[in-house]
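Q: I am new to this structure and would like to learn how to read it feature by feature. Could you take me through it slowly?

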Number of protein chains: 2
Amino acid sequence: MAPDSTFETVSTSKAHGGTLGVYRHQSTATGTGMTFSVFLPPQAEAGAKLPVLFYLSGLTCTHANVTDKGEYRRACAEHGIVFVAPDTSPRGEGVADDAEGAYDFGLGAGFYVNATEEPFAAHYRMWDYVTQELPALIEEHFPIDPARMGITGHSMGGHGALTIGLTFPDKFKSLSAFAPIVAPGQVPWGHKALGGYLGQDRAAWRAHDAVALIEDGKRPAGDILVDQGAADGFLAEQLRPDLLEAACKSAGVDLTLRLQDGYDHSYNFISSFMADHIRWHAERL
Amino acid sequence: MAPDSTFETVSTSKAHGGTLGVYRHQSTATGTGMTFSVFLPPQAEAGAKLPVLFYLSGLTCTHANVTDKGEYRRACAEHGIVFVAPDTSPRGEGVADDAEGAYDFGLGAGFYVNATEEPFAAHYRMWDYVTQELPALIEEHFPIDPARMGITGHSMGGHGALTIGLTFPDKFKSLSAFAPIVAPGQVPWGHKALGGYLGQDRAAWRAHDAVALIEDGKRPAGDILVDQGAADGFLAEQLRPDLLEAACKSAGVDLTLRLQDGYDHSYNFISSFMADHIRWHAERL
(Lines give C-alpha, C1' and ligand atoms only; values in the text may rest on other atoms or scores of the structure.)
Protein backbone atom coordinates (compact mmCIF):
# COMPACT_ATOMS: atom_id res chain seq x y z
CA MET A 1 0.00 0.00 0.00
CA ALA A 2 1.36 3.43 -0.90
CA PRO A 3 2.15 5.78 1.98
CA ASP A 4 -0.90 7.73 3.13
CA SER A 5 -0.10 11.39 2.56
CA THR A 6 -3.33 12.54 4.22
CA PHE A 7 -2.23 11.35 7.67
CA GLU A 8 -2.28 14.19 10.19
CA THR A 9 -1.81 14.57 13.92
CA VAL A 10 -4.83 16.13 15.64
CA SER A 11 -3.30 16.20 19.12
CA THR A 12 -0.73 14.50 21.32
CA SER A 13 -0.46 14.51 25.09
CA LYS A 14 1.85 12.72 27.48
CA ALA A 15 0.07 10.06 29.53
CA HIS A 16 1.36 7.34 31.86
CA GLY A 17 4.89 7.87 30.61
CA GLY A 18 3.90 7.41 26.97
CA THR A 19 2.08 9.44 24.35
CA LEU A 20 -1.64 9.53 23.70
CA GLY A 21 -2.30 10.84 20.21
CA VAL A 22 -5.35 11.49 18.08
CA TYR A 23 -4.84 11.22 14.33
CA ARG A 24 -6.87 11.70 11.20
CA HIS A 25 -6.55 10.59 7.60
CA GLN A 26 -8.57 10.28 4.43
CA SER A 27 -9.56 6.63 4.23
CA THR A 28 -9.45 4.81 0.90
CA ALA A 29 -11.72 2.10 2.28
CA THR A 30 -14.54 4.35 3.46
CA GLY A 31 -13.93 7.35 1.22
CA THR A 32 -14.21 9.61 4.27
CA GLY A 33 -11.98 11.20 6.85
CA MET A 34 -11.38 8.81 9.73
CA THR A 35 -10.16 9.69 13.22
CA PHE A 36 -8.49 7.30 15.64
CA SER A 37 -6.36 7.36 18.79
CA VAL A 38 -3.06 5.62 19.44
CA PHE A 39 -1.36 5.17 22.79
CA LEU A 40 2.37 4.63 22.51
CA PRO A 41 3.77 3.24 25.75
CA PRO A 42 7.12 4.52 27.04
CA GLN A 43 8.88 1.48 25.57
CA ALA A 44 8.34 3.01 22.11
CA GLU A 45 11.01 5.59 22.82
CA ALA A 46 13.65 2.89 23.00
CA GLY A 47 13.05 2.19 19.31
CA ALA A 48 11.61 -1.30 19.65
CA LYS A 49 8.84 -2.60 17.40
CA LEU A 50 6.01 -3.23 19.84
CA PRO A 51 2.95 -5.47 19.87
CA VAL A 52 -0.30 -3.66 19.13
CA LEU A 53 -3.85 -4.17 20.35
CA PHE A 54 -6.76 -2.91 18.26
CA TYR A 55 -9.87 -1.99 20.26
CA LEU A 56 -13.20 -1.79 18.42
CA SER A 57 -15.87 0.31 20.11
CA GLY A 58 -19.57 -0.27 20.53
CA LEU A 59 -22.76 1.40 19.30
CA THR A 60 -22.84 5.22 19.42
CA CYS A 61 -19.09 5.48 20.15
CA THR A 62 -16.23 7.18 18.39
CA HIS A 63 -12.53 6.67 19.18
CA ALA A 64 -13.01 9.05 22.10
CA ASN A 65 -15.10 6.92 24.45
CA VAL A 66 -12.50 4.27 25.21
CA THR A 67 -9.74 6.85 24.96
CA ASP A 68 -11.34 8.87 27.77
CA LYS A 69 -12.86 6.12 29.87
CA GLY A 70 -11.08 2.86 29.04
CA GLU A 71 -8.27 3.07 31.63
CA TYR A 72 -5.96 1.07 29.37
CA ARG A 73 -2.88 3.24 29.43
CA ARG A 74 -1.34 2.21 32.72
CA ALA A 75 -1.49 -1.47 31.75
CA CYS A 76 -0.24 -0.74 28.22
CA ALA A 77 2.70 1.16 29.72
CA GLU A 78 3.41 -1.74 32.05
CA HIS A 79 3.38 -4.36 29.30
CA GLY A 80 4.68 -2.31 26.37
CA ILE A 81 1.53 -2.56 24.26
CA VAL A 82 0.47 -0.03 21.60
CA PHE A 83 -3.30 0.57 21.77
CA VAL A 84 -5.27 1.67 18.71
CA ALA A 85 -8.91 2.82 18.85
CA PRO A 86 -10.70 3.57 15.55
CA ASP A 87 -14.13 5.05 15.00
CA THR A 88 -17.21 2.81 14.61
CA SER A 89 -18.43 4.07 11.25
CA PRO A 90 -17.70 6.47 8.43
CA ARG A 91 -18.90 10.02 9.05
CA GLY A 92 -19.20 13.25 7.14
CA GLU A 93 -20.99 14.79 4.22
CA GLY A 94 -22.77 12.28 2.03
CA VAL A 95 -22.57 9.40 4.53
CA ALA A 96 -25.99 7.79 4.84
CA ASP A 97 -27.51 7.36 8.30
CA ASP A 98 -30.38 5.38 9.76
CA ALA A 99 -33.62 6.72 8.30
CA GLU A 100 -34.89 7.62 11.76
CA GLY A 101 -31.48 8.45 13.21
CA ALA A 102 -31.59 5.42 15.51
CA TYR A 103 -28.51 4.64 17.61
CA ASP A 104 -28.18 1.06 16.41
CA PHE A 105 -27.71 1.55 12.66
CA GLY A 106 -25.85 4.00 10.44
CA LEU A 107 -23.60 6.61 12.02
CA GLY A 108 -21.80 5.18 15.05
CA ALA A 109 -23.04 1.71 14.15
CA GLY A 110 -21.01 0.38 11.21
CA PHE A 111 -20.95 -3.18 12.60
CA TYR A 112 -17.51 -3.78 11.02
CA VAL A 113 -18.84 -5.02 7.67
CA ASN A 114 -18.50 -3.97 4.03
CA ALA A 115 -22.04 -2.91 3.18
CA THR A 116 -23.47 -4.17 -0.10
CA GLU A 117 -26.85 -2.46 0.19
CA GLU A 118 -27.53 1.07 -1.00
CA PRO A 119 -27.20 3.78 0.20
CA PHE A 120 -24.59 2.31 2.58
CA ALA A 121 -22.29 0.49 0.16
CA ALA A 122 -20.40 3.64 -0.80
CA HIS A 123 -18.89 4.40 2.61
CA TYR A 124 -19.74 1.69 5.14
CA ARG A 125 -16.65 -0.44 4.54
CA MET A 126 -15.43 -0.81 8.09
CA TRP A 127 -14.37 -4.44 7.49
CA ASP A 128 -11.76 -3.39 4.95
CA TYR A 129 -10.87 -0.38 7.03
CA VAL A 130 -10.17 -2.27 10.24
CA THR A 131 -8.65 -5.42 8.76
CA GLN A 132 -6.52 -3.87 6.00
CA GLU A 133 -6.17 -0.12 5.79
CA LEU A 134 -5.81 0.76 9.45
CA PRO A 135 -3.20 -1.91 10.32
CA ALA A 136 -1.13 -0.82 7.30
CA LEU A 137 -1.44 2.82 8.31
CA ILE A 138 -0.42 2.03 11.90
CA GLU A 139 2.58 0.06 10.69
CA GLU A 140 3.58 2.94 8.42
CA HIS A 141 3.44 5.62 11.12
CA PHE A 142 4.14 3.88 14.45
CA PRO A 143 6.77 1.48 15.84
CA ILE A 144 4.66 -1.68 15.81
CA ASP A 145 5.49 -5.27 14.96
CA PRO A 146 2.88 -6.45 12.43
CA ALA A 147 3.57 -10.04 13.45
CA ARG A 148 2.25 -9.24 16.94
CA MET A 149 -1.24 -7.78 16.52
CA GLY A 150 -4.20 -8.56 18.75
CA ILE A 151 -7.82 -7.44 18.69
CA THR A 152 -10.53 -6.77 21.23
CA GLY A 153 -13.68 -4.71 21.49
CA HIS A 154 -16.92 -3.98 23.29
CA SER A 155 -20.46 -4.99 22.35
CA MET A 156 -20.74 -4.25 18.60
CA GLY A 157 -16.95 -3.91 18.74
CA GLY A 158 -16.70 -7.27 20.48
CA HIS A 159 -18.64 -8.66 17.53
CA GLY A 160 -16.11 -7.01 15.23
CA ALA A 161 -13.16 -8.38 17.20
CA LEU A 162 -14.55 -11.93 17.22
CA THR A 163 -15.46 -12.02 13.53
CA ILE A 164 -12.14 -10.47 12.51
CA GLY A 165 -10.09 -12.64 14.86
CA LEU A 166 -11.83 -15.76 13.54
CA THR A 167 -11.40 -14.73 9.89
CA PHE A 168 -7.78 -13.58 10.08
CA PRO A 169 -6.08 -15.74 12.73
CA ASP A 170 -2.72 -15.32 10.96
CA LYS A 171 -3.02 -11.55 11.28
CA PHE A 172 -4.60 -11.13 14.72
CA LYS A 173 -2.77 -13.48 17.07
CA SER A 174 -4.72 -12.74 20.24
CA LEU A 175 -8.44 -12.24 20.73
CA SER A 176 -10.71 -11.04 23.51
CA ALA A 177 -13.97 -9.17 23.91
CA PHE A 178 -16.06 -7.27 26.43
CA ALA A 179 -19.79 -8.08 26.34
CA PRO A 180 -19.74 -8.93 22.62
CA ILE A 181 -22.68 -9.45 20.29
CA VAL A 182 -21.73 -13.04 19.53
CA ALA A 183 -24.48 -14.05 17.09
CA PRO A 184 -25.93 -11.05 15.24
CA GLY A 185 -27.87 -13.42 12.98
CA GLN A 186 -29.91 -14.45 16.01
CA VAL A 187 -30.58 -11.13 17.79
CA PRO A 188 -32.49 -7.90 17.03
CA TRP A 189 -29.48 -5.56 16.77
CA GLY A 190 -27.90 -7.94 14.29
CA HIS A 191 -31.05 -8.51 12.26
CA LYS A 192 -31.38 -4.79 11.73
CA ALA A 193 -27.73 -4.12 11.02
CA LEU A 194 -26.82 -7.10 8.88
CA GLY A 195 -30.13 -6.85 7.01
CA GLY A 196 -29.58 -3.17 6.38
CA TYR A 197 -25.95 -3.41 5.32
CA LEU A 198 -25.85 -6.85 3.66
CA GLY A 199 -29.43 -7.45 2.55
CA GLN A 200 -31.96 -10.10 3.45
CA ASP A 201 -30.03 -13.13 2.15
CA ARG A 202 -28.96 -14.53 5.49
CA ALA A 203 -26.24 -16.66 3.92
CA ALA A 204 -24.24 -13.43 3.55
CA TRP A 205 -24.59 -12.75 7.25
CA ARG A 206 -22.64 -15.84 8.35
CA ALA A 207 -19.29 -14.22 7.55
CA HIS A 208 -20.18 -11.54 10.13
CA ASP A 209 -21.51 -13.73 12.92
CA ALA A 210 -18.96 -15.22 15.32
CA VAL A 211 -21.10 -18.22 16.21
CA ALA A 212 -21.82 -18.96 12.54
CA LEU A 213 -18.12 -18.58 11.66
CA ILE A 214 -17.19 -21.16 14.31
CA GLU A 215 -19.96 -23.45 13.06
CA ASP A 216 -18.57 -23.00 9.55
CA GLY A 217 -15.11 -24.07 10.63
CA LYS A 218 -13.27 -20.84 11.34
CA ARG A 219 -10.89 -20.92 14.30
CA PRO A 220 -9.05 -18.19 16.21
CA ALA A 221 -5.25 -18.12 16.46
CA GLY A 222 -5.44 -19.28 20.07
CA ASP A 223 -7.79 -19.10 22.98
CA ILE A 224 -10.46 -16.42 23.49
CA LEU A 225 -11.18 -14.32 26.59
CA VAL A 226 -14.68 -12.86 27.02
CA ASP A 227 -15.85 -10.83 29.99
CA GLN A 228 -19.59 -10.23 30.36
CA GLY A 229 -21.36 -8.25 33.06
CA ALA A 230 -24.06 -10.31 34.75
CA ALA A 231 -26.16 -7.16 35.30
CA ASP A 232 -25.86 -6.07 31.67
CA GLY A 233 -29.33 -5.13 30.45
CA PHE A 234 -28.54 -6.35 26.93
CA LEU A 235 -27.27 -9.76 27.98
CA ALA A 236 -30.29 -11.95 27.38
CA GLU A 237 -31.71 -10.35 24.24
CA GLN A 238 -28.75 -8.97 22.28
CA LEU A 239 -25.47 -10.43 23.54
CA ARG A 240 -26.19 -14.10 24.26
CA PRO A 241 -22.80 -15.32 25.48
CA ASP A 242 -24.44 -18.73 25.94
CA LEU A 243 -24.52 -19.11 22.15
CA LEU A 244 -20.77 -18.46 21.91
CA GLU A 245 -20.10 -20.82 24.78
CA ALA A 246 -22.07 -23.61 23.08
CA ALA A 247 -20.41 -23.03 19.70
CA CYS A 248 -16.92 -23.03 21.22
CA LYS A 249 -17.64 -26.13 23.25
CA SER A 250 -18.96 -27.96 20.22
CA ALA A 251 -15.99 -26.91 18.07
CA GLY A 252 -13.29 -27.39 20.68
CA VAL A 253 -12.40 -23.68 20.77
CA ASP A 254 -10.74 -22.68 24.06
CA LEU A 255 -13.01 -19.96 25.44
CA THR A 256 -12.63 -18.34 28.85
CA LEU A 257 -16.05 -16.76 29.47
CA ARG A 258 -16.26 -14.85 32.72
CA LEU A 259 -19.66 -13.69 33.94
CA GLN A 260 -18.85 -10.73 36.18
CA ASP A 261 -21.34 -10.40 39.00
CA GLY A 262 -23.06 -7.02 39.29
CA TYR A 263 -21.44 -5.32 36.27
CA ASP A 264 -23.46 -3.53 33.59
CA HIS A 265 -22.75 -2.69 29.91
CA SER A 266 -20.93 0.61 30.53
CA TYR A 267 -17.32 1.72 30.63
CA ASN A 268 -17.47 1.16 34.39
CA PHE A 269 -17.49 -2.52 33.46
CA ILE A 270 -14.96 -2.25 30.65
CA SER A 271 -12.46 -0.19 32.64
CA SER A 272 -12.69 -2.61 35.56
CA PHE A 273 -11.39 -5.50 33.46
CA MET A 274 -9.32 -3.67 30.86
CA ALA A 275 -6.03 -4.33 32.64
CA ASP A 276 -6.80 -8.05 32.65
CA HIS A 277 -7.35 -7.97 28.89
CA ILE A 278 -4.17 -6.00 28.23
CA ARG A 279 -2.20 -8.57 30.21
CA TRP A 280 -3.96 -11.43 28.40
CA HIS A 281 -2.92 -10.01 25.04
CA ALA A 282 0.59 -9.16 26.23
CA GLU A 283 1.11 -12.77 27.26
CA ARG A 284 0.09 -13.94 23.78
CA LEU A 285 1.83 -11.35 21.57
CA MET B 1 -27.45 19.58 60.44
CA ALA B 2 -30.86 18.05 59.81
CA PRO B 3 -31.01 15.08 57.41
CA ASP B 4 -31.25 16.15 53.78
CA SER B 5 -34.54 14.78 52.49
CA THR B 6 -33.82 15.94 48.93
CA PHE B 7 -30.97 13.46 48.47
CA GLU B 8 -31.54 11.23 45.45
CA THR B 9 -29.60 8.61 43.54
CA VAL B 10 -29.20 9.48 39.86
CA SER B 11 -27.36 6.29 38.91
CA THR B 12 -25.15 3.56 40.32
CA SER B 13 -22.86 1.20 38.48
CA LYS B 14 -20.42 -1.42 39.65
CA ALA B 15 -16.80 -0.48 38.99
CA HIS B 16 -13.50 -2.00 40.10
CA GLY B 17 -15.30 -4.13 42.66
CA GLY B 18 -17.02 -1.13 44.24
CA THR B 19 -19.89 1.16 43.36
CA LEU B 20 -19.72 4.35 41.33
CA GLY B 21 -22.76 6.48 42.04
CA VAL B 22 -24.05 9.84 40.90
CA TYR B 23 -26.27 11.68 43.37
CA ARG B 24 -28.22 14.89 43.50
CA HIS B 25 -29.67 17.03 46.25
CA GLN B 26 -31.04 20.49 46.87
CA SER B 27 -28.20 22.43 48.45
CA THR B 28 -28.89 24.79 51.33
CA ALA B 29 -25.57 26.52 50.76
CA THR B 30 -26.06 27.34 47.07
CA GLY B 31 -29.86 27.29 46.92
CA THR B 32 -29.64 25.09 43.82
CA GLY B 33 -29.65 21.45 42.92
CA MET B 34 -26.13 20.02 43.15
CA THR B 35 -24.85 16.83 41.52
CA PHE B 36 -21.81 14.85 42.65
CA SER B 37 -20.28 11.41 42.28
CA VAL B 38 -19.12 9.02 44.98
CA PHE B 39 -16.99 5.93 44.50
CA LEU B 40 -17.41 3.40 47.28
CA PRO B 41 -14.58 0.86 47.23
CA PRO B 42 -15.35 -2.81 47.89
CA GLN B 43 -14.23 -2.40 51.51
CA ALA B 44 -17.46 -0.45 52.12
CA GLU B 45 -19.46 -3.67 51.91
CA ALA B 46 -17.76 -5.00 55.03
CA GLY B 47 -19.41 -2.24 57.04
CA ALA B 48 -16.26 -0.30 57.95
CA LYS B 49 -16.18 3.49 58.18
CA LEU B 50 -13.69 4.44 55.49
CA PRO B 51 -11.42 7.41 54.86
CA VAL B 52 -12.71 9.80 52.20
CA LEU B 53 -10.95 11.96 49.63
CA PHE B 54 -12.69 15.02 48.21
CA TYR B 55 -11.60 15.98 44.69
CA LEU B 56 -12.32 19.52 43.48
CA SER B 57 -12.40 19.97 39.72
CA GLY B 58 -11.04 22.73 37.53
CA LEU B 59 -12.53 25.38 35.25
CA THR B 60 -15.38 24.26 32.93
CA CYS B 61 -15.75 20.91 34.73
CA THR B 62 -18.66 19.22 36.45
CA HIS B 63 -18.42 16.11 38.63
CA ALA B 64 -18.34 14.09 35.41
CA ASN B 65 -14.89 14.95 34.09
CA VAL B 66 -12.86 13.31 36.82
CA THR B 67 -15.46 10.59 37.19
CA ASP B 68 -14.99 9.61 33.53
CA LYS B 69 -11.31 10.36 33.05
CA GLY B 70 -9.63 10.44 36.46
CA GLU B 71 -8.68 6.75 36.71
CA TYR B 72 -8.97 6.86 40.50
CA ARG B 73 -11.14 3.85 41.14
CA ARG B 74 -8.58 1.07 40.93
CA ALA B 75 -6.33 2.82 43.47
CA CYS B 76 -9.30 3.67 45.72
CA ALA B 77 -10.34 0.02 45.64
CA GLU B 78 -6.80 -1.01 46.49
CA HIS B 79 -6.50 1.35 49.45
CA GLY B 80 -10.11 1.44 50.66
CA ILE B 81 -10.68 5.13 49.96
CA VAL B 82 -14.08 6.72 49.27
CA PHE B 83 -13.76 9.34 46.49
CA VAL B 84 -16.18 12.28 46.26
CA ALA B 85 -16.33 14.64 43.26
CA PRO B 86 -18.64 17.68 43.48
CA ASP B 87 -19.51 20.20 40.79
CA THR B 88 -17.49 23.42 40.37
CA SER B 89 -20.33 25.92 40.69
CA PRO B 90 -24.05 26.30 41.26
CA ARG B 91 -26.14 25.83 38.12
CA GLY B 92 -29.76 26.20 37.12
CA GLU B 93 -32.44 28.79 36.66
CA GLY B 94 -31.57 32.14 38.18
CA VAL B 95 -27.85 31.40 38.62
CA ALA B 96 -25.81 34.31 37.25
CA ASP B 97 -23.07 33.61 34.72
CA ASP B 98 -20.14 35.55 33.31
CA ALA B 99 -21.49 38.48 31.30
CA GLU B 100 -19.80 37.20 28.15
CA GLY B 101 -20.16 33.51 29.03
CA ALA B 102 -16.39 33.15 29.47
CA TYR B 103 -15.05 29.81 30.70
CA ASP B 104 -13.11 31.30 33.61
CA PHE B 105 -15.90 32.93 35.63
CA GLY B 106 -19.47 32.09 36.56
CA LEU B 107 -20.87 28.69 35.59
CA GLY B 108 -18.22 26.00 35.93
CA ALA B 109 -15.91 28.47 37.65
CA GLY B 110 -17.08 29.02 41.22
CA PHE B 111 -13.52 29.20 42.58
CA TYR B 112 -14.64 27.66 45.89
CA VAL B 113 -15.54 30.95 47.57
CA ASN B 114 -18.67 32.47 49.11
CA ALA B 115 -19.38 35.36 46.78
CA THR B 116 -20.19 38.70 48.34
CA GLU B 117 -20.73 40.63 45.10
CA GLU B 118 -24.05 40.79 43.28
CA PRO B 119 -25.42 39.05 41.29
CA PHE B 120 -23.28 36.14 42.48
CA ALA B 121 -23.79 36.30 46.24
CA ALA B 122 -27.15 34.50 46.13
CA HIS B 123 -25.87 31.15 44.80
CA TYR B 124 -22.07 31.14 44.49
CA ARG B 125 -21.36 29.73 47.96
CA MET B 126 -19.08 26.86 47.04
CA TRP B 127 -16.88 27.45 50.11
CA ASP B 128 -19.70 26.62 52.48
CA TYR B 129 -20.87 23.87 50.18
CA VAL B 130 -17.56 22.04 49.99
CA THR B 131 -16.34 22.64 53.55
CA GLN B 132 -19.62 22.16 55.44
CA GLU B 133 -22.66 20.92 53.62
CA LEU B 134 -21.13 18.27 51.37
CA PRO B 135 -19.01 16.55 54.07
CA ALA B 136 -22.08 16.40 56.34
CA LEU B 137 -24.18 14.98 53.51
CA ILE B 138 -21.54 12.38 52.70
CA GLU B 139 -21.30 11.36 56.34
CA GLU B 140 -25.07 11.05 56.50
CA HIS B 141 -25.42 8.81 53.46
CA PHE B 142 -22.16 6.89 53.10
CA PRO B 143 -19.93 4.78 55.38
CA ILE B 144 -17.16 7.33 55.90
CA ASP B 145 -15.09 8.23 58.94
CA PRO B 146 -15.30 12.04 59.35
CA ALA B 147 -12.04 11.95 61.30
CA ARG B 148 -10.26 10.72 58.15
CA MET B 149 -11.02 13.20 55.38
CA GLY B 150 -8.52 14.43 52.78
CA ILE B 151 -8.78 16.90 49.95
CA THR B 152 -7.23 17.31 46.52
CA GLY B 153 -8.10 18.98 43.23
CA HIS B 154 -6.97 20.19 39.85
CA SER B 155 -6.16 23.73 38.73
CA MET B 156 -9.00 25.89 40.13
CA GLY B 157 -9.84 22.81 42.20
CA GLY B 158 -6.24 22.61 43.37
CA HIS B 159 -6.66 26.19 44.54
CA GLY B 160 -9.79 25.10 46.39
CA ALA B 161 -8.05 22.11 47.95
CA LEU B 162 -5.09 24.19 49.13
CA THR B 163 -7.14 27.03 50.58
CA ILE B 164 -9.54 24.63 52.29
CA GLY B 165 -6.78 22.35 53.56
CA LEU B 166 -4.92 25.35 54.98
CA THR B 167 -8.04 26.82 56.60
CA PHE B 168 -9.44 23.60 58.07
CA PRO B 169 -6.45 21.40 58.98
CA ASP B 170 -8.46 19.73 61.75
CA LYS B 171 -11.09 18.68 59.23
CA PHE B 172 -8.99 17.79 56.16
CA LYS B 173 -6.06 15.73 57.40
CA SER B 174 -4.30 15.19 54.09
CA LEU B 175 -3.74 17.60 51.23
CA SER B 176 -2.52 17.40 47.65
CA ALA B 177 -3.14 19.10 44.33
CA PHE B 178 -2.65 18.71 40.60
CA ALA B 179 -1.44 21.83 38.80
CA PRO B 180 -3.12 24.18 41.31
CA ILE B 181 -3.63 27.91 41.02
CA VAL B 182 -1.52 28.67 44.10
CA ALA B 183 -1.80 32.47 44.27
CA PRO B 184 -4.99 33.78 42.64
CA GLY B 185 -4.22 37.23 44.00
CA GLN B 186 -1.20 37.36 41.71
CA VAL B 187 -2.51 35.90 38.41
CA PRO B 188 -5.13 36.85 35.78
CA TRP B 189 -7.60 34.01 36.44
CA GLY B 190 -7.60 34.92 40.11
CA HIS B 191 -7.88 38.67 39.58
CA LYS B 192 -10.98 38.15 37.50
CA ALA B 193 -12.58 35.54 39.77
CA LEU B 194 -11.80 36.96 43.20
CA GLY B 195 -12.56 40.48 41.98
CA GLY B 196 -15.86 39.35 40.53
CA TYR B 197 -16.97 37.27 43.48
CA LEU B 198 -15.40 39.15 46.42
CA GLY B 199 -15.01 42.70 45.13
CA GLN B 200 -11.97 44.86 44.62
CA ASP B 201 -10.80 45.03 48.25
CA ARG B 202 -7.84 42.71 47.94
CA ALA B 203 -7.68 42.14 51.70
CA ALA B 204 -10.72 39.91 51.27
CA TRP B 205 -8.87 37.83 48.69
CA ARG B 206 -6.19 36.62 51.09
CA ALA B 207 -8.49 34.04 52.68
CA HIS B 208 -8.78 32.48 49.20
CA ASP B 209 -5.15 32.52 48.15
CA ALA B 210 -2.97 29.62 49.31
CA VAL B 211 0.26 31.61 49.23
CA ALA B 212 -1.33 34.49 51.18
CA LEU B 213 -2.82 32.05 53.70
CA ILE B 214 0.62 30.58 54.37
CA GLU B 215 2.08 34.08 54.65
CA ASP B 216 -0.68 34.90 57.11
CA GLY B 217 0.20 31.97 59.31
CA LYS B 218 -2.15 29.19 58.20
CA ARG B 219 -0.67 25.70 58.15
CA PRO B 220 -1.88 22.40 56.71
CA ALA B 221 -2.46 19.34 58.87
CA GLY B 222 0.70 17.74 57.50
CA ASP B 223 2.79 17.81 54.38
CA ILE B 224 1.53 18.78 50.91
CA LEU B 225 1.97 16.94 47.60
CA VAL B 226 1.74 18.93 44.36
CA ASP B 227 2.25 17.53 40.87
CA GLN B 228 2.67 20.00 38.03
CA GLY B 229 3.14 19.22 34.35
CA ALA B 230 6.23 20.92 32.95
CA ALA B 231 4.55 21.28 29.55
CA ASP B 232 1.40 22.82 31.04
CA GLY B 233 0.55 25.90 28.99
CA PHE B 234 -0.86 27.68 32.07
CA LEU B 235 2.18 27.11 34.26
CA ALA B 236 4.02 30.40 33.96
CA GLU B 237 1.10 32.82 33.84
CA GLN B 238 -1.70 31.29 35.93
CA LEU B 239 -0.38 28.47 38.12
CA ARG B 240 3.00 29.70 39.41
CA PRO B 241 4.10 26.75 41.56
CA ASP B 242 7.27 28.73 42.27
CA LEU B 243 5.22 31.07 44.47
CA LEU B 244 3.91 28.16 46.54
CA GLU B 245 7.39 26.69 46.78
CA ALA B 246 8.81 29.99 48.08
CA ALA B 247 5.98 30.50 50.57
CA CYS B 248 6.30 26.95 51.92
CA LYS B 249 10.06 27.24 52.19
CA SER B 250 9.80 30.52 54.03
CA ALA B 251 7.15 29.18 56.42
CA GLY B 252 8.65 25.75 56.97
CA VAL B 253 5.73 23.94 55.34
CA ASP B 254 6.72 20.49 54.06
CA LEU B 255 5.89 20.63 50.34
CA THR B 256 6.70 17.92 47.82
CA LEU B 257 6.49 19.71 44.46
CA ARG B 258 7.09 17.46 41.48
CA LEU B 259 7.55 19.00 38.06
CA GLN B 260 6.54 16.24 35.66
CA ASP B 261 8.46 16.41 32.42
CA GLY B 262 6.35 16.57 29.26
CA TYR B 263 2.92 16.59 30.90
CA ASP B 264 0.23 19.15 30.04
CA HIS B 265 -2.82 20.47 31.95
CA SER B 266 -5.28 17.77 30.85
CA TYR B 267 -6.70 14.63 32.40
CA ASN B 268 -3.93 12.75 30.63
CA PHE B 269 -1.67 14.37 33.23
CA ILE B 270 -4.07 13.97 36.15
CA SER B 271 -4.85 10.31 35.44
CA SER B 272 -1.14 9.52 35.14
CA PHE B 273 -0.45 10.58 38.73
CA MET B 274 -3.83 9.95 40.35
CA ALA B 275 -2.80 6.60 41.82
CA ASP B 276 0.19 8.29 43.48
CA HIS B 277 -2.11 10.85 45.11
CA ILE B 278 -4.59 8.21 46.29
CA ARG B 279 -1.73 6.31 47.92
CA TRP B 280 -0.37 9.54 49.46
CA HIS B 281 -3.72 10.27 51.07
CA ALA B 282 -4.25 6.64 52.13
CA GLU B 283 -0.94 6.71 53.97
CA ARG B 284 -2.01 9.83 55.88
CA LEU B 285 -5.68 9.01 56.63
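**Reading the two chains**

A: Asp145(B) has a relative accessible area of 19% and is therefore buried, where buried means under 20% relative accessible area, exposed over 50% and partly exposed in between (1.4 Å probe, protein chains only). This is a predicted model, in which local features need pLDDT of at least 70 and side-chain atom pairs count only at pLDDT 80 or more, while totals for chains, interfaces and linings use all residues. Residues are numbered from 1 along each chain as its sequence is written, chains are lettered from A and ligands numbered from 1 in the order in which they are written, and side-chain values use heavy atoms, with hydrogens and water left out.

Q: With which residue does the side chain of Asp145(B) meet in a salt bridge?

A: A salt bridge is a side-chain nitrogen of Lys or Arg within 4 Å of a carboxyl oxygen of Asp or Glu. The partner of Asp145(B) is Arg148(B), at 2.9 Å from N to O, and Arg148(B) counts as partly exposed at 28% relative accessibility. A search of the whole structure finds 28 salt bridges over all chains.

Q: Which parts of chain B are tied together by the pair Asp223(B) and Arg284(B)?

A: The closest N and O atoms of the salt bridge between Asp223(B) and Arg284(B) are 2.8 Å apart. Asp223(B) lies in the loop between helix H6 (210–215) and strand S8 (224–229) of chain B, and Arg284(B) in helix H9 (residues 267–284) of chain B, so the pair ties together parts that are 61 residues apart in sequence. Helices (H or I, at least four residues) and strands (E, at least two) are DSSP runs, numbered from the N terminus. Asp223(B) is buried, with a relative accessible area of 18%, whereas Arg284(B) is partly exposed at 30%.

Q: Which residues of chain A are linked in a network of salt bridges?

A: The network links Asp227(A), Arg258(A), Asp276(A) and Arg279(A). Elsewhere in chain A, the side chains of Asp242(A) and Arg240(A) meet in a salt bridge at 2.9 Å, N to O; Asp242(A) is partly exposed, with a relative accessible area of 37%, and Arg240(A) is partly exposed at 23%.

Q: How many residues of each chain are in contact at the interface?

A: Contact means heavy atoms within 4.5 Å, and by that rule 21 residues of chain A are in contact with 21 residues of chain B. Buried area is the accessible area (1.4 Å probe) that two parts lose on being put together, summed over both; here the two chains bury about 1,800 Å² between them, 35% of it on carbon and sulfur atoms. In chain A, Lys14(A), Glu71(A) and Asn268(A) lose the most area to chain B, together 33% of what that side buries.

Q: How many salt bridges does the rule find across the interface of chain A and chain B?

A: The rule finds 2 salt bridges there, and the side chains of Glu71(B) and Arg73(A) meet in a salt bridge at 2.7 Å, N to O. The elements that give two or more residues to the side of chain A that touches chain B are strand S1 (8–15), helix H1 (63–69), helix H2 (73–79) and helix H9 (267–284) of chain A. H9(A) gives the most, with 5 residues.

Q: Which rotation superposes chain A on chain B?

A: Two copies of a chain are related by a rotation about an axis and a shift along it. Copies are superposed by least squares on the C-alpha atoms of residues with pLDDT of at least 70 in both, and a rotation of 180° with 0.0 Å of shift along its axis superposes chain A on chain B (RMSD 0.0 Å). That is the relation of a two-fold axis. Of the residues of chain A, Lys69(A) comes closest to the rotation axis, at 2.8 Å (C-alpha). The copies meet through the same surface, because 100% of the interface residues of chain A are also interface residues in chain B.

Q: Is Thr131(B) buried or exposed?

A: Thr131(B), which lies in helix H3 (residues 126–141) of chain B, counts as buried at 0% relative accessibility. Not counting residues up to four places away in sequence, Thr131(B) touches Ile164(B), Phe168(B) and Lys171(B).
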